Amino acid sequence: MAYLSNSDKDFAEMLHTIGVDRFEDLIENIPREIRFSGAFNLPEAESELGVSNVVGELADENRTFVSFLGGGAYDHYVPAVVNALISRPEFYTSYTPYQPEVSQGNLQAMYEFQSMVCELTGMDVTNASMYEGGSALAEAVLLGAQQTRKNKILFASTINRRYREVVETYTANMGFQLITMPRAGFTVNTGELESLYDDQTGVFVVQHPNYFGFLEDMEAISAFCRDKNLILIEVYDPISLGILKTPGDYAAHIAIAEGQSLGNAQNFGGPYVGLFSATEKLVRKMPGRLSGMTVDSEGRRGFVLTLQTREQHIRREKATSNICTNSGLMALAAGIYLALLGKQGLQKVADLCLQKAHYLADRLCAIEGVSLASNAPYFKEFTLKLPVPAKSVIDYAMKKGLLPGIDLSGEGYPDHLLVAVTEKRTRQELDALAETVGEAVRLVR
Amino acid sequence: MYRKLIFELSKEGRVGHVLPDADVPASSREELIPQNFLRSHPAELPQVPENEVVRHFTDLSVLNHHVDKSFYPLGSCTMKYNPKINEKLAGLSGFTDLHPAQPEETVQGALRLMFELQEYLKELTGFQGITLQPAAGAQGEMTGLLLIRKYHRLKGRNPKTILVPDSAHGTNPASAVISGFQIKTVRSTPAGLVDLDDLKSKLDEDTAGFMLTNPSTLGIFESQVSEIRRLMDQVDALMYMDGANMNALFGIVRPGDMGFDVMHLNLHKSFSTPHGGGGPGSGPVAVNNKLKNYLPVPIVVKEDNRFFLNYDLPDTVGRVHSFYGNFALLVRAYVYIRMIGKEGFRKIAEHSIVNANYLKKRLSEAYEIGFDAPSMHEFVLSAENQKKRGAKALDIAKRLLDFGLHPPTVYFPLIVKEAMMIEPTETESREMLDAFAEAMLQIDKEIDENPDIVLNAPHTTPVKRLDEAGAVRNLDVNYYKRTD
């Protein structure tokens with residue numbers, strides 16, 4: 001059988017060394033009445049060749065498209081270097097750096113990742129990663145509420161609903177009140193903030209660019225939070241920070257992102273990587289691992305996991321979080337991506353997304369009855385109002401190999417389409433989408 | 001050794017990756033976005049050519065110990081071999097290029113794989129329901145505890161206490177707290193089992209559940225599990241099994257049959273998906289019929305040979321992941337299960353148990369065995385004798401590095417002094433176990449004959465012992481901050 005290193009002969013000799021006659025003697029303390037005596041209802045063992053056929057067929061049953069889907073996962077280009085490096089077994093078959101002397105590679109890569117995300121966001125500290133965007137936000141809310149000791153958390157109405165749902169699950173038994181601002185258009189109505197605030201409100205959560213792609217009035221939001229002494233949690237798009245002002249610029253206390261865009265495949269939703277940054281003041285209450293620089297006994301630079309007294313393996317029920325295994329390899333990919341693209345490259349990716357998104361939006365809005373859902377500025381994603389149900393446009397476009405966007409029926413907008421444009425989309429593809437949406441609108445009407 | 005930081009390789013104007021020029025009219029940023037939204041200066045990310053980025057990370061990589069290089073017997077981590085075919089098939093573009101919001105009819109292969117994996121995992125564990133969503137074991141624990149919470153709430157009860165044995169992994173109490181519970185710790189007996197008297201004294205109407213790792217972190221099978229079940233039933237408390245050590249149980253017992261209500265699996269332990277230097281993991285949660293209706297949504301279901309994401313579970317605890325879990329790891333676990341097949345799982349357990357007992361026997365020559373009980377797939381040594389002679393468990397661990405071996409988990413579980421927790425896994429050969437035993441026995445001799453070589457170890461690693469206290473005192477976790 002695959003992956004066992006010892007033969008039956010070895011097995012028998014080892015039993016002899018142990019001092020028993022049969023394997024059964026080693027498990028005689030397991031009561032008979034709870035033993036499993038049947039045979040598993042599982043397929044027979046496959047060879048590598050066999051399993052390649054089986055799983056290859058499953059992969060082939062899926063269809064891929066020229067995609068304009070976003071909403072938290074994006075089809076950005078992943079440079080060849082990234083996969084070449086994260087496929088090195090030295091990285092992917094290693095584990096948590098509990099023995100720093102033989103984990104310097106991972107620890108240093110973590111330190112570099114943390115540093116680059118800090119530079120990107122304008123924040124003081126970044127941890128070694130969370131699972132993904134939604135759970136990272138949930139942990140941010142827990143931290144913010146703990147810090148303020150107030151139980152009301154105010155959410156912008158324009159946050160990714162999936163993230164909001166993860167937060168609800170995480171906080172269900174904490175006695176918090178999660179208050180979502182009333183939906184009024186596709187950006188936060190900052191005029192309403194004052195009326196929703198009371199002295200039990202401790203945290204404000206905003207996404208910028210928001211779920212619908214539009215930019216929020218972060219200056220007003222930042223001023224409001226400063227005025228009311230609220231913890232500001234900003235959910236951002238890491239690619240957007242190639243050109244947009246940072247969470248640090250807006251005096252956010254905690255900055256959260258889904259880091260998939262940075263060098264990670266879409267992979268049907270995971271594994272992704274949660275980026276978690278905060279101000280220095282919060283560092284001792286942060287969840288997750290941190291790599292810190294230090295020296296060895298000969299004074300040479302080295303790295304260790306630090307501030308471990310926050311963590312579950314030391315503090316158990318008093319830990320700041322239960323997180324242990326996180327998303328190390330995806331954080332490594334993000335770090336490699338940022339190092340490779342560098343100062344100029346990240347701006348260029350952001351510029352390309354920006355330009356292509358605006359080119360496409362202009363073409364789409366030239367179709368009669370089609371318009372942007374908001375006048376607010378946008379970056380690489382925007383919500384389109386259609387004169388027909390979004391589903392009818394999607395169905396039509398799929399026949400032409402295009403996935404034009406996310407149907408916003410689930411948000412209560414059945415005639416709205418959320419369209420994301422990455423640097424990968426060519427002008428030809430943008431033109432094809434515009435033509436196809438135009439045809440679909442005319443046909444359905 | 002290699003000693004450069006990526007920031008130290010950076011030179012103004014160097015380019016790592018060339019992007020295509022815009023093929024649409026190139027408007028300036030300021031024409032498209034009002035100036036007040038734009039950053040005033042770019043992020044000072046490194047500027048390093050591609051070749052040097054590759055060399056940098058390659059140079060870093062070789063500083064790591066890893067499973068493909070050598071033995072990695074970290075107790076309760078199950079650092080088994082990560083089959084290459086898993087990686088190859090998970091890398092098929094028919095999987096990697098899928099967007100999670102694609103219409104269901106376009107991802108039937110992915111959903112079929114998830115559905116079948118759900119069925120396989122239920123079969124292996126003896127449960128009736130499952131979610132693949134949790135991204136790691138600790139998130140699985142939280143999910144399971146939220147299910148327990150829901151169970152009681154829907155019965156109009158609100159018990160607040162989770163019982164946890166003193167041998168439990170640190171995530172158990174931490175997960176209980178993040179799920180809104182408080183914990184009470186239950187002692188272990190000298191034989192390494194749950195102390196039933198202590199358990200009874202802590203059990204009351206406020207007990208929501210008991211979280212048990214079986215086999216425990218001592219590597220000992222908890223044989224009183226039926227008795228514990230009866231005790232829990234007296235107060236309608238539920239039984240959670242931490243499945244970190246599932247590798248020892250395949251085909252011998254099934255947690256669902258043993259009386260547990262809910263468990264998590266670690267696909268990155270028992271099902272061979274790689275650990276990735278600290279993740280990603282995957283922590284599916286399996287449940288019996290008591291808890292099935294509360295699972296996170298969506299769940300993959302099958303109707304007329306078509307596969308759907310079912311969001312319609314009115315009593316669900318909600319969602320713990322933005323999408324469907326760590327899909328690419330589900331592919332790897334699926335490949336592994338198909339490779340092992342129906343007959344193979346029992347052999348995994350048998351070989352992991354024999355490997356552990358063989359190594360324990362060899363090491364018992366010189367090391368004290370923490371508990372005198374039969375071992376499953378791992379065991380715990382105590383280096384108390386060695387400590388009395390001058391070398392602590394930590395020193396022994398560091399000296400092992402000089403032999404090219406990764407040390408065991410040390411100082412855990414907390415209830416064993418100078419603990420060294422060793423899990424060899426089924427994928428290691430007898431020769432490797434012998435080499436590890438010889439190294440451990442040699443170190444034991446060195447403690448008397450040449451103590452400095454142990455106390456100053458390691459000698460051959462890229463760095464020597466690191467100043468961890470200094471790292472806390474002079475906190476430096478951000479290169480840019482220190483150069484401000």
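This is a predicted model: local features need pLDDT of at least 70, side-chain atom pairs count only at pLDDT 80 or more; totals for chains, interfaces and linings use all residues.

Trainee: OK, how is chain A divided into domains?
Mentor: Into domain 1 (66-76 + 345-444) and domain 2 (80-338), with bounds from an automatic or database domain assignment. Their C-alpha centres lie 28 Å apart.

Trainee: And how much do domain 1 and domain 2 of chain A bury between them?
Mentor: About 2,400 Å², with 61% of it on carbon and sulfur atoms. On the domain 1 side of chain A, Leu346(A), Phe379(A) and Glu411(A) supply 26% of the area buried against domain 2, more than any other three residues.

Trainee: How many salt bridges are there between those two domains of chain A?
Mentor: The count is 3, a salt bridge being a side-chain nitrogen of Lys or Arg within 4 Å of a carboxyl oxygen of Asp or Glu. Elsewhere on the list of pairs, Asp237(A) and Lys380(A) meet in a salt bridge at 2.9 Å, N to O.

Trainee: Switching to the two chains, how much do chain A and chain B bury?
Mentor: About 17,100 Å² between them, 63% of it on carbon and sulfur atoms. There are 16 salt bridges between chain A and chain B. Helix H11 (residues 328-365) of chain A gives the most to the side of chain A that touches chain B, with 25 residues. Helices here are DSSP runs (H or I, at least four residues) and strands are too (E, at least two), numbered from the N terminus.

Trainee: Which residue of chain A does Arg430(B) form a salt bridge with?
Mentor: Glu13(A), and the closest N and O atoms are 2.5 Å apart.

Trainee: Now the sheet: what's the strand order in chain A?
Mentor: E2-E8-E7-E6-E5-E3-E4, an open sheet of 7 strands with mixed pairing. Strands E2 (125-126) and E4 (177-180) of chain A stand at the edges with a single partner strand each, so one side of each is left without a neighbour in the sheet.

Trainee: In what sense do E3 and E5 of chain A pair?
Mentor: Parallel, over 4 bridges, with E3 at residues 152-155 and E5 at residues 201-207. Pairing takes at least two DSSP bridges between two strands. Lys152(A) has Thr201(A) as its bridge partner in E5(A).

Note on methods: Residues are numbered from 1 along each chain as its sequence is written. Chains are lettered from A and ligands numbered from 1 in the order in which they are written. Side-chain values use heavy atoms; hydrogens and water are left out. Buried area is the accessible area (1.4 Å probe) that two parts lose on being put together, summed over both.
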